Amino acid sequence: MATNGAVEEQAAWEPAPHERSPIPGSPPTPWHPLPRRIAYFSVAVLVVMSGSLGNAIVTANLTTLQGSLGLYSAEIQWLPTVYVMTNVCANMLLIKFRQQFGIRLFTQIFLIGFALTTGAHIFTHSFATAVAVRALSGIAAAACSTVGLLYMVQAWTPEHRLKGIVLAVSLPQTAVPLARLFPTEVFEADRWQSLYLFELGLALFCLAGVRLLVLPPVERMKAFEPLDFVTFPIFATGIALLCAVLGLGRTLWWFEAPWIAPALIGAIVLIPTALVIEHNRRNPLLNTRWLGSGAIVRFALVSILARVVLSEQTIGASGLLAVVGMGNDQLRMLYAVVLVATLAGAVIGAMTIDPTFLGKPILIALALICVGALLDSDSTNLIRPHDMYFSQALLGFASALFIGPALLVGLTRALREGPTHFVSFSALFGITQNLGGLFGSAMLGTFQVIREHAHNNAIVAGLMSGDPLVAQRLQQNAAAYGRVLVDPGLRQAEGAAILSQTVTREANILAYNDTFLLIAAIAAGTILWASVHIMRIRRETLARIAAEQQAQAGAQNG
């Protein structure tokens, strides 16, 4: 039964049948005057960007924050990892919470909690509070992404509402290049509080926005069941352990840290346990039968593979430019280009969306990723940021072009099966996007390290002390220290050290080239595999539309 608040809301305003949302817990979409639509659009952009920008700034400035907070490299990696841990499963509870209590209450609770935790961190300055802020940030970001989407839906007229949905889910892709444009000086040791002051300001702005401009009242219902509070902790704990393994495995190395194997075993045990419980429930939190169907499994695989290849921007390009000595200040113009391209991808993707052929932009995005990775695969030590403007712009455009249609593909299938499938789809989409990104970074980063060792060994094996070119290079390197080192032995040792650094740099560059080729191969393989199923879905969609039109024409003639 609905709560008293829900009864009062519905008594105050009853939506027309065509204004009701097909998704339980989502507000209706009445007609709004233009000024109010603009206000809804403004709040939507503020909330959506606030949910993703804070974590993007942390991810883009991990090295600087590590020094500012006095953390080890393994400790600083916990900050983006714990964000994913809480964000990946938050949508499961968020949907049921808003169905039973309303979305505004949930958002206000976690935005207030996030603001209080961020404010406390400004004064405490400890690793524990930094992790707590990231954890609450992940939950708040899940709420913000949903609230921003709902506000964006209110800002568009019915015939353009699909464009608003695509724009709302595409805009967060601009957070990473936008975060790269922030000056690194604000994260120095005596200014590290600037990040948390900025996040605190964003949280307060969002809180003010959702309180001043409210969404239309939702129809509430009893959504939670007692068994939900058994399944969710088991499933969330398993996902958190898997996130910890993927987020920290490459930093600590997979076979070195003693806790990685037990954590992975825990994830392997807990996640299937939760799924078995759900499989035997009458009203499951996760509809395992639907999630295990062939179409949904294929959708999940395509989404994960797309997130893997999109890791090229965070792992490949930035890592390669760091190897050749480029710092954040020298990369700002590159990320400005990426930001413009990502915005263009979001806008063009929204304006050209075709509900009868949602697979088309997905295939185009994968093709652009393949081309961009191939363009980067012949890099040398002479590469500079301006050499990657075009290739990285392609990837930025592709990232924004892909995400909206990917959401709509799964969303339309979930709604076709019934509103109860929406919780399962939201959980699946969050897992594919978050875990896909973590898995991509872990896999590609590990591949790069392995290939670097292989190339390093191959180069060293070809360097013989009797080779005149090697001897000449050692003498040239040693001569550079002629004015500061008198001892010939020390000069020779320094010359050998410089040669070793050069070998490591070249091995890393070759390894990144191999990584780019692997990304291109995965993207090309995904295109070939996905295009078969996308074209089949296209034919089925057109046939269904034709049948519906024929039935409508027959009814009118009758």
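Mentor: A nonpolar patch is made of residues with over 30% relative accessible area and no salt bridge, whose nonpolar side chains are joined within 5 Å. In this predicted model, Phe101, Leu105 and Ile109 form such a patch on the surface, with about 240 Å² of accessible area together.

Trainee: Why is leucine 105 called partly exposed?

Mentor: Its relative accessible area is 41%. Partly exposed covers the range between buried, under 20%, and exposed, over 50%, so leucine 105 belongs in that class. This residue lies in helix H6 (residues 103-124).

Trainee: How do you know the class of alanine 336, buried or partly exposed?

Mentor: The relative accessibility of alanine 336 is 23%. Buried requires a value under 20%; therefore alanine 336 counts as partly exposed. Alanine 336 is found in helix H16 (residues 332-351), and its C-alpha atom is separated by 9.5 Å from that of tyrosine 389, 53 residues apart along the chain.

Trainee: How do you know whether the reach of helix H14 is close to or far from the expected value?

Mentor: The expected span is 1.5 Å times one less than the number of residues. For the 17 residues of H14 (residues 294-310), this gives 24 Å, and the first and last C-alpha atoms are 24 Å apart, so the reach is close to the expected one. The buried residues of H14 include Ile296, Phe299 and Val302.

Trainee: What makes a space a cavity, and how many of 30 Å³ or more are there?

Mentor: In a cavity a 1.4 Å probe fits but cannot get out. By this rule there is one cavity of 30 Å³ or more. The largest cavity holds about 110 Å³ of space. Of its 15 lining residues, the closest to its centre are Ser50, Gly51, Phe114, Ser137 and Glu199.

Trainee: Which element gives the most to the lining of the second largest pocket?

Mentor: The second largest pocket has a volume of about 510 Å³. Among its 20 lining residues, Ile304, Leu428, Ile431, Thr432 and Leu435 are the closest to its centre. H11, H12, helix H13 (288-291), H14 and helix H19 (422-461) each give two or more residues to the lining, and H19 gives the most, with seven.

Methods. Residues are numbered from 1 along each chain as its sequence is written. This is a predicted model: local features need pLDDT of at least 70, side-chain atom pairs count only at pLDDT 80 or more; totals for chains, interfaces and linings use all residues. Side-chain values use heavy atoms; hydrogens and water are left out. Helices (H or I, at least four residues) and strands (E, at least two) are DSSP runs, numbered from the N terminus. Buried means under 20% relative accessible area, exposed over 50%, partly exposed in between (1.4 Å probe, protein chains only). Patches are made of residues with over 30% relative accessible area and no salt bridge: like charges are joined within 9 Å, nonpolar side chains (Val, Leu, Ile, Met, Phe, Trp, Tyr) within 5 Å. Accessible areas come from the Shrake-Rupley method with a 1.4 Å probe; for residues, only the protein chains shown count as cover. A salt bridge is a side-chain nitrogen of Lys or Arg within 4 Å of a carboxyl oxygen of Asp or Glu. On a 1 Å grid over the protein atoms alone, a cavity is a set of points where a 1.4 Å probe fits but cannot get out, and a pocket is an open set with protein on both sides within 12 Å along at least five of seven lines; lining residues have an atom within 4 Å of a point. Grid points are joined across faces, edges and corners, and a volume is the space filled by probe spheres set on the points.
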